[in-house]
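Subject: Structure handover

Hello,

Here is the structure you are taking over. My notes on it follow below.

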Amino acid sequence: MDWGLIASNLVHDTIVFSTALIFASLGGLYSERSGVVNIALEGMMIIGAFTGAVITYAFQDSFAGGAPWIGFLAAGIAGAIFALPHAVASVTFKADQTVSGVALNFLAAGLSVYLTKIIFNGAGQTTTLSSVFGKWSIPVLHDIPYLGHAIFEAYPTSYLAFIMVFFTWYLVFKTPFGLRLRAVGEHPRAADTVGINVKKMRYMAVMISGALAAWGGATISLTTTSNFSHNTVSGQGFIAIAALIFGKWHPAGAMGAALFFGVAQAIKSLVQIFGLTKYVPTEFIFMLPYVLTILVMAGLVGRSNAPAALGKPYDTGSR
Amino acid sequence: MNRVIAVFTKESFLVPLVAIILGLLTGAIAMLAGGFNPIKAYMSLLEKVFGNAYNFGETIRQITPLIFTGLSVAFAFRTGLFNIGAEGQFIVGMIASTAVGVSLDLPAYIHAPLAIIAGAVAGGLWGSIAGYLKAARGVNEVITSIMLNWVALYLANWVMNAFFVPSGQQRSEMIHDSAIITIGWLSTMFDSARLHWGTLIAVLAAIFFYVILWKTKSGYELRAVGLNPHASEYAGMNVNRNVVKAMFIGGMFAGIGGACEILGVFHYQAIMTAQPGYGFDGIAVALIGGNTPLGVVLGAILFGILTFGAAGMKFGAGVPVELIRVVIASVIFFVAAHGIVKIFVKPIMKKKKEGGN
């Protein structure tokens, strides 16, 4: 057995599976840094996966290779719009943010399958897409033995995810916008005093969150599954939240945690390929990412890194 | 008469009521957008539920597990915990009762109660995992309980495949007759709808919920911790122990729900490809019921009618059953964002105030 090849495959698959988690956990980062809990990442991913698949389906005959990009863009827009009710509820109406998020998760699960059935004549899933993202090989670099396949042959969305990590880090920690975002999440009263519009910042953060999470969902339907069904996302939005917490609300940390959870998924597919299912029941392999998430969360030390005003609605009149 | 009006114009009653109406309206808009006739759809929903004895009985069957999971979520809410894990607790309750029902041979008066207790304990323990992690490690119970739902699903399939499912089949052996809690004569009355003692147990559970929370010292502590953990700690209560206890009792409710589903309805456990969904609907039930036992029972009746009647909408108006998920989600949303609802309720409240003066 070629261990180099196995390792190379493992890294390759890890990147594939981490992509969606990176996008979604970055999405969560914007929202939570501004002080709004976003448990609706799951629902936003579902909307993204659905919109991406449907729009790509609509354009694949006329635009062929360009269709997935159109679908991807549309997913981002749909995600931002879908996130709006969460912002309205939690910022304007000071609702319980967890409950509002749960409602959006339900809504996404119901609405996406409802619309799928209407569009695809009663079928519970979209037709398999003929045009999805193909892998990009970086010239020269992808010829490096093992390493080339592992890192330099990936979906364009994966490269985009890593660029987005850097971009988010820059935006959140090096620009006035980022300073305001963090101020609103740490001490909204102080931010308000110096003239930052707390509500506007939070609305923007939640909508950016929706767009990024939806992109995460779209990367699944437009790369690995090539269609949308009720179990395309299956809990990855919640794993993304765990990644955000594990990564201490920092873009690089969230990326690291997302890669870690990606390994759990990659092992899942490797185990199936290598026929290890004879020794380990498949059910345990399916359980792995979820068990790992619990263990990681339980093992966290120094846990109070959350933005100070996370989950607290801001009331202009309060002290 | 005035007192009756007073009850029905109370805010705690009006907010859920308006939320339900707004939810149904949202569903209607979604149906119009999809090219369906919402009035016809809602009519066929009601016709499905109340049309004949069998379907009416089956609606009661559908309502029963929702009472259990609703109580489960509501109980944890009272201690300040969001138990999204009722789904998983329900599933482990199913596993435990199937195991007891299939593998033991006992007289009926011991077997059935034992199977239910097994489900309760399994559900309770599963719930207290999330409670323990919250208490001891400060882990957000929402995330752990969601993860535990998935773990429970795969665990159930593994346990079934490894011990109880004959090879090549998709469901376990039948539980022994002595563990079955179906009520034969009542079933016959309702054209063999699957009615069982679980419904009565659900109502008793709601009463138990009330008594333990409002009539015992232990319940006082649980509620105090939910209202203000710091003050409770200062008053000498053990917050962590109460957190685990609340999740255990909440899990027990869901676990009994799972047990009754096996012992009263199916009499076997199938290999699952997706979550059964009662736990998630339980969240909606608890919220709409304001986390009170009576509210939960009423909420369960409403959502039982909606989810069972959804098949009628499909049959009568061609509406995909998922539409009812949209309605339920909207109801949860409007209950959460009750500020929106209050805009609609305000005129009524105002009128009442004027009338009082």
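The domain bounds used here come from an automatic or database domain assignment. The model itself is predicted.

Domains of chain B

For chain B, the assignment gives two domains: domain 1 is made of 1-36 + 319-357, and domain 2 covers 55-317. Taken over C-alpha atoms, the centres of domain 1 and domain 2 of chain B are 27 Å apart. Their contact involves 15 residues from domain 1 of chain B and 14 residues from domain 2 of chain B. On the domain 1 side, α2 (11-33) and α15 (323-336) of chain B each contribute at least two residues. The largest share of that side, seven residues, is from α15(B). By class, the side of domain 1 of chain B that touches domain 2 of chain B has 14 nonpolar residues, one polar and no charged.

Chain A against chain B

Between the chains, 38 residues of chain A are in contact with 35 residues of chain B. On the chain A side, at least two residues each come from α3 (67-92), α4 (97-119), α10 (236-246) and α12 (282-299) of chain A. α4(A) has the largest share of this side, with 14 residues. The side of chain A that touches chain B is made up of 27 nonpolar, six polar and five charged residues.

Helix pairs in chain B

Two packed helices are described by the angle between their axes and the distance between the axes.

In chain B, helix α9 (residues 198-215) packs with helix α12 (residues 239-266) at an angle of about 165 degrees, and their axes are 10 Å apart. An angle over 145 degrees counts as roughly antiparallel, so α9(B) is roughly antiparallel to α12(B). The crossing of these two helices, α9(B) and α12(B), is right-handed. From α9(B), B:G198, B:I201 and B:A205 take part in the contact, and they meet B:F253, B:I256, B:C260 and B:G264 of α12(B). That contact of α9(B) with α12(B) has five nonpolar residues, two polar and no charged.

Also in chain B, helix α5 (residues 86-103) and helix α7 (residues 141-164) pack at about 20 degrees, with axes 7 Å apart. Angles under 35 degrees count as roughly parallel, so α5(B) is roughly parallel to α7(B). Here the crossing of α5(B) and α7(B) is left-handed. The residues that α5(B) brings to the contact include B:E87, B:G88 and B:I91, and those from α7(B) include B:S145, B:L148 and B:N149. By class, the contact of α5(B) with α7(B) has 12 nonpolar residues, four polar and one charged.

A helix pair in chain A

Helix α1 (residues 3-33) of chain A packs with helix α9 (residues 198-224) of chain A at an angle of about 170 degrees, with 7 Å between their axes. This makes α1(A) roughly antiparallel to α9(A). The contact of α1(A) with α9(A) has 14 nonpolar, 11 polar and one charged residues.

UniProt record for chain A

An unreviewed UniProt entry lists residues 6-27, 39-60, 66-89, 101-120, 154-173, 203-222 and 284-302 of chain A as "transmembrane region". In the model, residues 154-173 of chain A are 90% helix and 5% strand, with the end C-alpha atoms 28 Å apart. Residues 203-222 of chain A are 100% helix and 0% strand, and their end C-alpha atoms are 28 Å apart.

Regards

Terms used
Residues numbered from 1 in each chain as written. Chains lettered and ligands numbered in written order. Predicted model: local features only at pLDDT ≥ 70, side-chain atom pairs only at ≥ 80, totals over all residues. Contact = placed C-beta atoms within 7 Å. Helix = DSSP H or I, 4+ residues; strand = E, 2+ residues; numbered from the N terminus. Nonpolar A, V, L, I, M, F, W, Y, C, P; charged D, E, K, R; others polar. Axes fitted to C-alpha atoms, helices over the stretch in contact; angles between N-to-C directions. Parallel < 35°, antiparallel > 145°, perpendicular 65-115°, else oblique. Left-handed = near helix turned anticlockwise from the far one by under 90°. UniProt positions renumbered as here; feature names shortened; annotations may be inferred.
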